[in-house]
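Please look over the sequence and the model, then read on.

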Amino acid sequence: MFGGIQIGVLAACVVLFVPMGMAGYHLSRNKMLFFSGALFITLAVGVHLTPYFPSVSDFVTSVQSVNVFDNREDSCINLVNEVVWNVKPRIISSNVSDSSNDSVGYDKIWDWSKNGKVKGCDFEKLGRGDVKDLLNGSWVVVAGDSQARLLVQSLLSLLLDEKRMGMIMGDLFKRHSDYEIVVDEIGMKLDFVWAPYVVNLTNLMVGFKQNRTYPDVFVIGAGLWHMLHVNNASDYDIALENLRSSVVSLLPFSPELGTDGPVTGSVSVRSPHLFWLGMPTLINAMLTTEEKREKMNDKIWHAYYGALHNSRILRSYGGPLLLLDIQSLSWNCGPRCTNDGMHYDGTVYEAAVHILLNALLIESHQKLGSTEF
């Protein structure tokens, strides 16, 4: 049996060749007739074959759905964690005649890879003026454990001078406490929320939704305390799924994320910039207690890492949060960048902050020198 396409092609051939023969017969006597026939043939073939091909409107729609800028944006966002390290020894002089008292330190230098697509993204380390421009008038919330507190320290170090940093360090590192600061000259507010468990982060999300107040930049992350004190990757997975639902509920309607509908109410809702602060690489032999070495071993760490991916909370797995990949940063910086196998030198968190800032530049479609968020 002939299908629809075969019948269409047959009809088109009949319409094509019969007038073509007639036009050829009259060609020597009437060129106008020939060209008229050619035009008729073209229109006839188009009429017969059009039903069997996508419509022009469908084609245009499909082209419009591919936004070149968004593709480039997504490409660079996916590459923003591609950082390389150069950790090299440096002799620290003891300032005495006997050089045997000299010690060895390490310079930890990082930058984005210069290979392939990463180079085309033009990532760069931002200076104080650029950071102030970027975060001008914004509300930044960072919530989590000690890793998050170290990230806050690195961010504030980019905004404040050495004298003011010295004045706030005691309050910032007050054990198991929240911290807030306003950088008056740019009208930026920063809140650190001590939230060592995922359930703490979920409760924080619920509070934001109830109060209808949403930060411009939101960085969250937890896992190390759960690993040590609960030590159950399945439970961590469930907690992350609950957190994901709470995060998604803050966002405007997004079918891809599975929301039930738009956020309602009189308040104007703008989606915050959302980041997940990943767990660091744990160097088991350097952990400071036997309990940590037993419960935070490589097998458990990988189980927790797998739970994070399974939860689909990360953007790379269809979720709402962009990863700040502390695991990769700490792994590549290596054991010389940590004293306890868990908390790394400030250089690691400095790199994470610059990754965050470059992601903000991309997401907000900004260029350096613009102060509009």
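## Leucine 357 and the cores

Leaving out residues up to four places away in sequence, leucine 357 touches Leu126, Val131, Leu134, Leu135 and Leu158. The model is a predicted one.

Leu357 also belongs to the largest nonpolar core, which has 61 residues; together with Leu156 and Leu159, Leu357 touches the most other members. Helix α15, residues 346-363, gives the most to this core, namely twelve residues. In soluble globular proteins, nonpolar side chains tend to be buried together.

## Leucine 329

Leucine 329 lies in helix α14, which covers residues 326-333. Is leucine 329 buried or exposed? Leucine 329 counts as buried because its relative accessible area is 2%, under the 20% cut-off.

Apart from neighbours within four places in sequence, the contacts of leucine 329 are Val83, Trp85, Val348, Ala351, Ala352 and Ile355. Tryptophan 110 is 219 residues away from leucine 329 along the chain, yet their C-alpha atoms are separated by 9.3 Å.

## The protein as a whole

The protein contains 15 helices and eight strands. Of its 373 residues, 42% are buried. Among contacts with a separation of 6 or more, 71% are between residues 24 or more positions apart.

The accessible surface of the protein is about 20200 Å², and carbon and sulfur atoms account for 56% of this surface.

Technical notes. Residues are numbered from 1 along each chain as its sequence is written. This is a predicted model: local features need pLDDT of at least 70, side-chain atom pairs count only at pLDDT 80 or more; totals for chains, interfaces and linings use all residues. Side-chain values use heavy atoms; hydrogens and water are left out. Helices (H or I, at least four residues) and strands (E, at least two) are DSSP runs, numbered from the N terminus. Buried means under 20% relative accessible area, exposed over 50%, partly exposed in between (1.4 Å probe, protein chains only). Contact means heavy atoms within 4.5 Å. Accessible areas come from the Shrake-Rupley method with a 1.4 Å probe; for residues, only the protein chains shown count as cover. A nonpolar core is a set of buried Ala, Val, Leu, Ile, Met, Phe, Trp, Tyr and Cys residues joined through side-chain atoms within 4.5 Å.
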